[in-house]
Amino acid sequence: ATTTAATTAPTLAVTLPDQLGRDLRVTSHRWAIIASAAEASLAQNAVVAAAARYPSIALVQASITTTPMLPAGITCAAVVVGTTVAARQPGIQPLPSTAPDALYTALSWAIERTPPPLAASPPPTEVTPGHH
């Protein structure tokens with residue numbers, strides 16, 4: 001999902017999962033949020049609001065200067081672009097990358113922390129009149 005200026009943490013924490021739950025077969029837990037530097041605060045607030053749903057967050061930005069304030073048990077990674085790797089911050093796993101691969105790096109990390117896709121729903125059984 002792409003955020004807009006009107007997107008709020010409750011939208012990411014409650015509204016979006018509810019809508020996806022109606023439209024798709026999704027789990028109710030172990031989701032991951034990937035956010036750019038500009039959206040880091042929104043993503044962190046959504047994780048705080050729904051820690052059971054979002055136990056993983058990846059921040060795609062050039063450097064991390066402060067440790068995000070996240071609930072216990074949340075795994076946080078920072079995709080660090082360029083040759084200057086930020087000093088290790090407690091609670092943040094650095095993910096070195098190049099600018100063209102930053103999103104791929106974040107997605108790969110997030111995929112490792114989320115459950116596999118749900119199996120397809122079985123097709124509806126057809127009932128033939130007169131047969132039980």
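These are my notebook entries on one chain, taken from a predicted model.

**Entry 1: overall layout**

I began with the inventory. The chain comes to 3 helices and 4 strands. Along the sequence I read the pattern α-β-α-β-β-β-α. Of the 132 residues, 32% are buried.

**Entry 2**

Next I asked in which order the strands lie. The 4 strands form an open sheet, and the order is β1-β2-β3-β4. The pairing is parallel. I noted the edges too. β1 and β4 (92-97) each have a single partner strand, so one side of each has no neighbour in the sheet. Ignoring direction, neighbouring strands are turned by 20° against each other on average.

I then looked for what packs on this sheet. Helix α3 (residues 102-112) does, and it touches β1, β2, β3 (75-81) and β4. The direction of α3 makes about 160° with that of β3.

**Entry 3: β1 and β2**

Strand β1 (residues 32-36) pairs with β2 in the parallel sense, over 5 bridges. Opposite Ile 34 I found Ala 58 of β2.

How many residues of β2 are buried? In β2 (residues 56-61), 6 of 6 are buried, and I noted the strand as mostly covered. Ser 56, Ala 58 and Val 60 point one way. Ile 57, Leu 59 and Gln 61 point the other way. The residues of both sets are buried. The background I had in mind is that side chains in a regular strand alternate between the two faces of the sheet.

**Entry 4: Val 79 in β3**

I picked Val 79, which lies in strand β3. Is Val 79 buried or exposed? The relative accessible area is 0%, and the cut-off for buried is under 20%. Val 79 is therefore buried.

I listed contacts beyond four places in sequence. Val 79 touches Leu 59, Val 60 and Gln 61, among others. Val 79 and Asp 101 are 22 residues apart along the chain, and their C-alpha atoms are separated by 9.6 Å.

**Entry 5: α1 against α2**

I turned to the helix pair. The axes of α1 (residues 9-23) and α2 (residues 40-49) come within 7 Å. They cross at roughly 45°. The two helices are therefore oblique to each other. The crossing is right-handed. From α1, the contact uses Ala 9, Leu 12 and Ala 13. From α2, it uses Leu 42, Asn 45, Ala 46 and Ala 49. I sorted this contact by class: 6 nonpolar, 1 polar and no charged residues.

I then asked which residues of α2 are buried. They are Ala 40, Leu 42, Ala 43, Gln 44, Ala 46 and Val 47. These buried residues pack against α1, β1 and β2. Leu 42 and Ala 46 are both buried and part of the contact with α1.

**Entry 6: two loop residues**

Arg 30 sits in the loop between α1 and β1. I looked up its backbone. Arg 30 has a positive phi of about 60°, although it is not a glycine. For context, most residues other than glycine have a negative phi. Arg 30 is partly exposed, with a relative accessible area of 38%.

Pro 71 sits in the loop between β2 and β3. Its relative accessible area is 26%, and it is partly exposed. Which residues does Pro 71 touch, not counting those up to four places away in sequence? They are Val 47, Val 48 and Ala 51. Val 47 is one of the buried residues of α2. From Pro 71 to Gln 44, I noted 9.8 Å, C-alpha to C-alpha, across 27 residues of sequence.

Notes
Residues numbered from 1 in each chain as written. Predicted model: local features only at pLDDT ≥ 70, side-chain atom pairs only at ≥ 80, totals over all residues. Heavy atoms only, no water. Axes fitted to C-alpha atoms, helices over the stretch in contact; angles between N-to-C directions. Parallel < 35°, antiparallel > 145°, perpendicular 65-115°, else oblique. Left-handed = near helix turned anticlockwise from the far one by under 90°. Contact = heavy atoms within 4.5 Å. Nonpolar A, V, L, I, M, F, W, Y, C, P; charged D, E, K, R; others polar. Buried < 20%, exposed > 50% of the residue type's maximum accessible area, 1.4 Å probe, protein only. Pairing = 2+ DSSP bridges.
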